[in-house]
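Dear colleague,

Here is the structure I said I would pass on. My notes follow it.

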Amino acid sequence: MLDALRHHLGLTGSKKGCDHGQCGACTVMVNGRRINACLTLACMHDGDEVTTIEGLGQPDALNPLQEAFVREDGFQCGYCTPGQICSATAMLQEISEGWPSHVTQDLEAGAELTPEEISERMSGNLCRCSAYPNIVEAIRVAAGKQA
Amino acid sequence: MTEPFQMDHPATDRRLDDMAQGLVGAPLDRPDGPLKVTGTATYANEWQVEGMVHGVMVRAPGNSGRVVLSNTAEVARMPGVLSVVQDDRMLRNPAQGGANEAPVQGPHHAAYFGQLVAVVVAESFEQARHAAQSLKVTLDDAEQVAVTPEGAAVERQTDKTLDQGDLDRAMDEAAHSVDVVYTTPSHSSSPMEPHASIASWEGEDLTLRGSYQMLKFNRNELADSLGIHPDRVRILSPYVGGGFGSKLGLAPEAVAAAVAAKAVGRPVSVALHRQQVYEATMRRSETRQRLRLAADAEGRLIGFGHEARVSNLPGETFAEPVLQASHFLYAGANRKMSLDLARVHRLCAGSVRAPGEAVGVTVVENAMDELAHAAGLDPVELRLRNIPPTDPESGKEYSSRRFREALESGAEIFGWSDRPGVKERREGDWLIGYGMASAARVNVLKESEARVTLLSDGTARVETDMTDIGTGTYAILGQIAGDMLGLPRDSVEVVLGDTNLPSGSGSGGSWGASSSGSAVYLACAAIRQQIAQRLDVDEHDLLLKDAQATFNNRTETLADILQGHEIAKLGHVKPGDTSDAVRQATFGAYFAEVGVNAVTGETRVRRMHGTFAAGRILNAKTARSQCLGGMTFGIGMALMEEVAFDPRDGHVVNHNLAEYHIPVNADVPQLTVELLEERDDWASPVQAKGIGELGICGAGAAITNAIFNATGVRVRDYPATLDKLIAELP
Amino acid sequence: MKPFDYIRADSPDQASDHAAQGGVFIAGGTNLLDLMKLEVMTPDALIDINRLDLNQIDETDDGGLRIGALVSNSDLANDTRVRRHWPVLSRALLAGASGQLRNKATTGGNLLQRTRCLYFYDRAMACNKREPGSGCAARDGFNRSLAVLGTSEHCIATHPSDMAVAMRALGAEVETLTREGETRRLTLDQLYRLPGDRPDIETVLAPGELITAVVLPAPVEGRQTYRKVRDRASYAFALVSVAGIVEMQDGRIARADLAFGGLAPKPWRDADVEAALQGEAPSDALFKKAADVLLRDAQGFGENDFKLPLARRTLVSVLEELTEARR
């Protein structure tokens, strides 16, 4: 799917960092759920709704999460950023639906939007510039705004 | 055209401080941010070039011998395949940063496992990849070659040898001493964007869209590799998905794309696979470092010895400059230093973020921690006692050095006074420890040019082939121009990453911001002069703000003053006498709290703080982010990063991002950073020094020192993975 | 990646037929496509089974759960019944991979993922699993992550799954549909083969045999935990993991179900370890004895020697936690 997006549809917002599901730069949402576009085939998603970074906002019309990433400097080189933002978008939905994570104390209770929870849930998106603290902050800011 | 400005005298005028627009230093958002967060910034392999086809490179399956491609004809007949290219001009390994000429070339002989020896070009990426995987590569006449530094021939770097006083005697006479050997493994820059180039020819003119850090050098390296004149080469690199040294010098994919594009007569894109980034770009050399520290009864250093062994491929001159900061960081009259280079057949060793200090200062800071423990001194106090009044070898003054303040302020912010004794604090299964380390990195100014055009409508454009690899160049150059010309940030357009533009310093060695920023500053200063002349006022009496000029109690808009004309000036800065007149470096201090799992030996960083002084801070937001990144590299170095080489053939075993562990979000707590106010008049016309690498230079030691504080265990073989701890845990 | 035919299966029977002719099932694809891109796996055909109706989690008559093979790792981890009654399974799933991968990876696919041995992944290296008879380059190579139990002279690969470790402790069974249209049930112990002299054959599944579900037995009494030890805080494979369920009665261990990851070519369970614990009062000496039993035949290969003390310490700690005998 990643090559289909990048080479055939000209949608280069989804990045190829490893091509093997080891970095998260290609994260897109399929029917609202985040996946690694590099580890699936486009033909397996006939009829599915695929949302890439191109579907979330434009440079002159950023969505709140994108705005927060800019303001909190949640990136440096920017290569992992579309994946981070797609991932965070779906991740916030997962938290709102009560999904637990590896660091959630009580499996049956919902999770709070703590830095620890965000960090664990965003660990599938590597950032070598290490904007991690700023990414966490951007997500908190954006989530607070949405709430 | 203005004369080059040579940095022969300290820039005491500090003109930026006089400006009224208030941009420089402010924590402004990056202007490139909206493009990056929407996926619309165009990285190397994302240009839609008409007629483009794809090349995939092929590796040597061994570390020596003549490369034989045995089924080339068969592969060439595979669907979509246009050509199998193996050309003498292809690179054996990347150019070193700033090489300015071709590195060792030739794909017909393997020098290390994973060397890229051919490129297969096909209509589609999928076809090229499959064809490349189908190409049979064997090696004839392979020899037994050294793949580990232990078994390799060693060359002493005589120009790096120092013998001052009598260290052996100092060690004998010392009240407290340490004599320890530390080892650090190879590291990989691992930028998130793999190296990629798209080459397209128009006649004999080549355009390369690449992912590179230092374009003026890369252009010459590419031209020299191809045997053509640099004027025929244009490189475009407006967005770079991380470099960390690995994109300083021209890499194999660029030449492969260029020769392949010529061969097939169409633009060719060659993107390295992640595995190839690990196997055939650059590694940081592994190091073996012996530290000898001799101190008197009060903990004052009387001797400082640092002897290191690093490695590289035969034919490469780069030797990881491990001793770089050891020359000036601490006192000690008796000094001994040496650097040995072992010749190994592993991928090329070169610059990885902060070559030298990243591992050198880290190990010095471990040894200092050992000395503090031996002397019964607070590690911060030990360092404070050993800040030399002047450079301990040359006697030169320091250009600026807020080292003491960084140690003291960092300790205060972190709460260092709450430091537990060794093995004293435990929370459940977690052993808690504090550690600290100093930060130090040499400072360098590089020749750099930029053109600034004040347009007739009262906006400005900054142009240079300088790059922004995430460092914030787009932000800071606009801020400097905005301040100097009295323009709001949005009224300054910054155009980067094109060798048709004036030659910038490139992004490397932390010099990018101060060097290219100075070029922009100088161009703007010349524009200010011209405006002042036109208005017949002294430039110092000209106040520019919000696109208006105030002078002689009058205010006019810049547009009115320009009367339909524009003013374009080239700023050109060169290093000069100030480089050698004083010792120039940046300083800081790190503080870390770790938890070590008493059962498993897993270490997690719970808190980490850094205080840094690096001259004028040009943008507090992007500078802080650079420090966060450096400190995280330190976390990686301390706890997980290691390029694992198979000791039998030297191949990189963990050549992917699942097994070459770089920190994930969960490994990094909410780091804090303090930037100290400083002006360094000796460093650059804008009084800025470099900050891009300072955050890593010693960071790992704060963590491993904290592990000692938590557990009483010294891991002297980086990284401090759990297997090195469990045997000694309770 | 070698060109392949893509076939979307509409029924399990059809899927089995195609697979029996040399095709390979693709569900999540998170490991298969990874390996195909490297041409470590080169199937002629992929049979997409995602449209089969195998994504339900149903309660069984005896109070257990029947988990469809296509249920994603996320959905399984988040299922309220699993979180409440089989928390060790939720925990194991959540400790694995990343949010993105868990959304795509399926229950059946997770069980059948291949080893992460770096020599298996590199076509320039000898590997009996990838290319039978070529040798094992890992054994004397960089083998830090590899197995110490159940190895053979031909292979020291580990099975990388976290989920399967929890399922092994829970006594889960795999339900399959054979090409002949028969349903069969296999315990995980039966499902996986040890490498022996054929490390390329990893399970007892016949050509075309499709995993349709995993069946969990009814919930058991006692405390459950999944402890995963790894080199970074998240998104890393286990060096050692322990799934444990311990039921205490009158201060004694009534039952201890223990399974281990990161140690062996398959999720490891050793009845002798559990027998050593059963009926005994918890004590440090007992736990260490259990670890001795677990590791009685363990063999390190140099870089991975540390797994022996690590497994011992982790097991003891898990038993302390589950028996509430913590210091």
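In what follows, helices are DSSP runs of H or I with at least four residues, strands are runs of E with at least two, and both are numbered from the N terminus. Please keep in mind that this is a predicted model.

Chain A on its own

By that definition chain A has five helices and three strands. Read from the N terminus, their order is α-β-β-β-α-α-α-α. The radius of gyration of chain A is 15 Å, and the globule rule gives 15 Å for 147 residues, so chain A is as compact as a globular protein of that length. The C-alpha trace of chain A spans about 40 × 35 × 25 Å along its principal axes. Buried residues make up 67% of the 147 in chain A. Among the contacts in chain A with a separation of 6 or more, 56% are between residues 24 or more positions apart.

Chain A against chain C

In this contact 37 residues of chain A meet 40 residues of chain C. About 3,000 Å² is buried between the two chains, with 48% of that area on carbon and sulfur atoms. Three residues, A:Leu39, A:Met44 and A:Leu107, account for 23% of the area that chain A buries against chain C, more than any other three residues.

Four salt bridges cross the interface of chain A and chain C. One of them joins A:Arg33 to C:Asp75, with the closest N and O atoms 2.6 Å apart. Counting residue pairs in polar contact, with both residues at pLDDT 80 or more, gives 19 between chain A and chain C.

Two elements of chain A, β2 (33-36) and α3 (81-96), each supply at least two residues of the side that touches chain C. The largest share comes from β2(A), with four residues. By class, the side of chain A that touches chain C holds twelve nonpolar, 17 polar and eight charged residues.

Chain B against chain A

Here 57 residues of chain B are in contact with 50 residues of chain A. The buried area between chain B and chain A is about 4,200 Å², and carbon and sulfur atoms give 56% of it. On the chain B side, B:Val37, B:Met192 and B:Asn665 lose the most area to chain A, together 19% of what that side buries.

There are five salt bridges between chain B and chain A. One of these is formed by the side chains of A:Asp73 and B:Arg30, at 2.6 Å from N to O. Residue pairs in polar contact between chain B and chain A number 26, again with both residues at pLDDT 80 or more.

Which elements of chain B give two or more residues to the side that touches chain A? They are α1 (33-37), α3 (125-134) and α15 (620-639). Of the elements in chain B, α15(B) gives the most to that side, with nine residues. The residues on the side of chain B that touches chain A divide into 24 nonpolar, 22 polar and eleven charged.

Regards

Terms used: Residues are numbered from 1 along each chain as its sequence is written. Chains are lettered from A and ligands numbered from 1 in the order in which they are written. This is a predicted model: local features need pLDDT of at least 70, side-chain atom pairs count only at pLDDT 80 or more; totals for chains, interfaces and linings use all residues. Side-chain values use heavy atoms; hydrogens and water are left out. Contact means heavy atoms within 4.5 Å. Buried area is the accessible area (1.4 Å probe) that two parts lose on being put together, summed over both. A polar contact is a pair of N or O atoms within 3.5 Å; within protein, one must be able to donate a hydrogen and the other to accept it, and residues adjacent in sequence count only if both atoms are side-chain atoms. Ala, Val, Leu, Ile, Met, Phe, Trp, Tyr, Cys and Pro count as nonpolar, Asp, Glu, Lys and Arg as charged, and the others, Gly among them, as polar. The radius of gyration is taken over C-alpha atoms; the globule rule is 2.2 Å times the number of residues to the power 0.38. Buried means under 20% relative accessible area, exposed over 50%, partly exposed in between (1.4 Å probe, protein chains only).
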